[in-house]
Structures are given as structure tokens and as C-alpha cells.
Amino acid sequence: METIWLWIGFIALVMVFLALDLGVFNRKAHVIGIREAVRWTIVWIVMAMLFNVAVYFMYEHHLFGIGTHHGHVDLDGTQAAVKFFTGYIIEKSLSLDNIFVISMVFTFFGVPAIYQHRVLFWGILGALVMRGVMIGIGTTALHWFSGWMNYVFGLILIFTALKMMFVKHEEVHPEKNPLVRLAKRFFPVTGDYHGEKFFVRLDGRLFLTPLFLVLLVVESMDVVFAVDSIPAIFAITTDPFIVFTSNIFAILGLRSLYFALAAMIRQFRYLKQSIIVILLYVGCKMMVLHHIEAHGLSNTMTWVSLGVILCVMGIGVVASLAKGRTTSP
């Protein structure tokens, strides 16, 4: 229970980040340009790496008992830092696929660029809560049913990779989203946007705006992606603090990453293939995780996983850029 203070401190830090984001730096609605988005993307990456340094010292000195279990050391500073970084890279890589879907949703609903930041902000806030709940459930399941939950998570990742091979994003239909249908059944929806408002009262009646429907779709899509991405990081570590914090930092940077890449994400045509390979690799690793731990190869495989993920993503980016040059006029 000593580690509760680390959890409280981290959640408080995230709340400060979000308050500064919405209340100070983005208090007024504005269109976020690529230059501003790239700048904020770099800021979030730097913040994640600084926190990774903090992870090293926390686990190296076992502050508040972190990294220990019943007096036994589970993770030292180097092991924890590598697992955090690997988990962060995995979540960041998988979030690239999320950008495709978010772009489609915004296009379908015709969301003005000036309001997209607000949707993503509240969408990410909701995602933080849902990810925390799902990580808690996943950690508990692995603790009580570790014998076969590894196979379940591994199969989820492999199935997701195979699905990505054959299902195109164009097959996603936001208008058929069950949350959107449910909302429309109980509340009337305005035909036009009303600024940044999610709700508006007209003639004494409470109406939903299309912006709220967009938020519902984005939130539901994140749940779908979380089902894929959370098992992926459990293949790297089952330490709940590392799983949660690496997930959260990847999500915090998703909004700025979207604005930095949304206009050119389709040029990286081989990123999807890279993500498929990563999911297949991590899924297979999850299936044999018990044998890896039994032979004392966990730390070695963490380094191997980091190398595989970085190489696969690097090959995807380089191949995409090379293809873009050969097809450009």
C-alpha cells in the first residue's frame, strides 16, 4: 500500500498537465497548425522521457516500496526504465492506427478544424479513466488466471493483426455506432454545430450537438483500440504502475500527434504493415511468456522486444518515405 502515494502523485501530475493544456495554452478555440502540433508532440515526448528517468530512480531506490514484492526485488531501475520505454513505444506505435480512424470520424461528421482539439481533449480525458479501469481488470485477471490469460491476450493480439490484414478503415461506419444510436433515441440532435458546445438548450429542450456525437464515437473507438493495445504491453511487463504510466503518456501525446500527422498520415503507407508485424510478434511472445519467465529470459526478451519494435517501425517509415519519393512526379 506504500505505492499508493506514487499513484496519487502521478494522477495529480496528469491533472496538472490537462489543466494547463485546456485552461492556459488552449483556453481559446483555434485551428492547430502543423508547426504548433509538432512543437507540442516534441514536448510530450520529452516529458515522457523525463518521466522515464524518474522511473529509473524510483525503481532503483524502490521509493515507497515500488518494484518489490514481499521484500523481494522484482525490478531494478534499468529493467523498469527499459520496460517503460518499450511499453511507451508500443502504445505510441499502435496509436498511429488510431489516427486514421479519428481522421475518418472528423471527416464523416464534418467537424470544423477549430473544434477538433476540444473533442480530442475530452476524448483523451475519458480514455484515461477507461484505460485505468481496463488495466486494473487486466492486471487482476493475469494475477488470478495467469496460466491461461496469457494465451487469451496473445490470441487477441494475433486476431487483431489478422483482422487488420483484411479489414480496411473505410469499412468503419460512425453512423452505425451503438452509442450514437442510443443517444439519438433519448435526445434530439441539432442539425448544426453550436460552437464548442456539446449540449444546447433550445425552446426549453435540451439538445445534443453533432460535436457530442463525435465525442461518443471517438470514446468508443478508444475502447476498441484499448482492447488491442493493453494486452500488448502486458507482454512486456505486468507491473501495473509501468503499464499505466506508459499508456497514459502515450495517450497524452496522441492529440498533438494527430494534428501533426493527420494531413500526411496516409503517405506512410507501410505503417499499417509495421503495426501488424508488431502485433503478431507481441501476441506470439504473450503466448510463450510463461516459458520465457521459466527459463529466466524475461530481461533479455525485453531488450529483444525493444529492438524488434524499433526496427519494424523504422523499416515501415523508411519504406514509406522511399515509396513516396518514387511515386512523386
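1. Arginine 201 sits across from leucine 206, a residue of strand S4. This is a predicted model, in which local features need pLDDT of at least 70 and side-chain atom pairs count only at pLDDT 80 or more, while totals for chains, interfaces and linings use all residues. Residues are numbered from 1 along each chain as its sequence is written, and side-chain values use heavy atoms, with hydrogens and water left out.

2. Strands S3 (residues 199–202) and S4 (residues 205–208) run antiparallel, joined by 4 bridges; pairing calls for at least two DSSP bridges between the strands. Their hairpin leaves 2 residues between the strands, and aspartate 203 has a positive phi near 55°.

3. Stepping back, the chain has 12 helices and 4 strands. These are DSSP runs, helices being H or I with at least four residues and strands E with at least two, numbered from the N terminus.

4. Do have a look at glutamate 91 and arginine 131: their closest N and O atoms are 3.7 Å apart, forming a salt bridge (a side-chain nitrogen of Lys or Arg within 4 Å of a carboxyl oxygen of Asp or Glu). Since glutamate 91 belongs to helix H3 (residues 77–109) and arginine 131 to helix H4 (residues 113–144), the pair ties together parts 40 residues apart in sequence. Both glutamate 91 and arginine 131 are buried, that is, under 20% relative accessible area with a 1.4 Å probe, protein chains only. The whole structure holds 1 salt bridge.

5. Of the chain's 329 residues, 48% are buried. Among contacts (heavy atoms within 4.5 Å) with a separation of 6 or more, 78% link residues 24 or more positions apart.

Definitions and conventions
Buried < 20%, exposed > 50% of the residue type's maximum accessible area, 1.4 Å probe, protein only.
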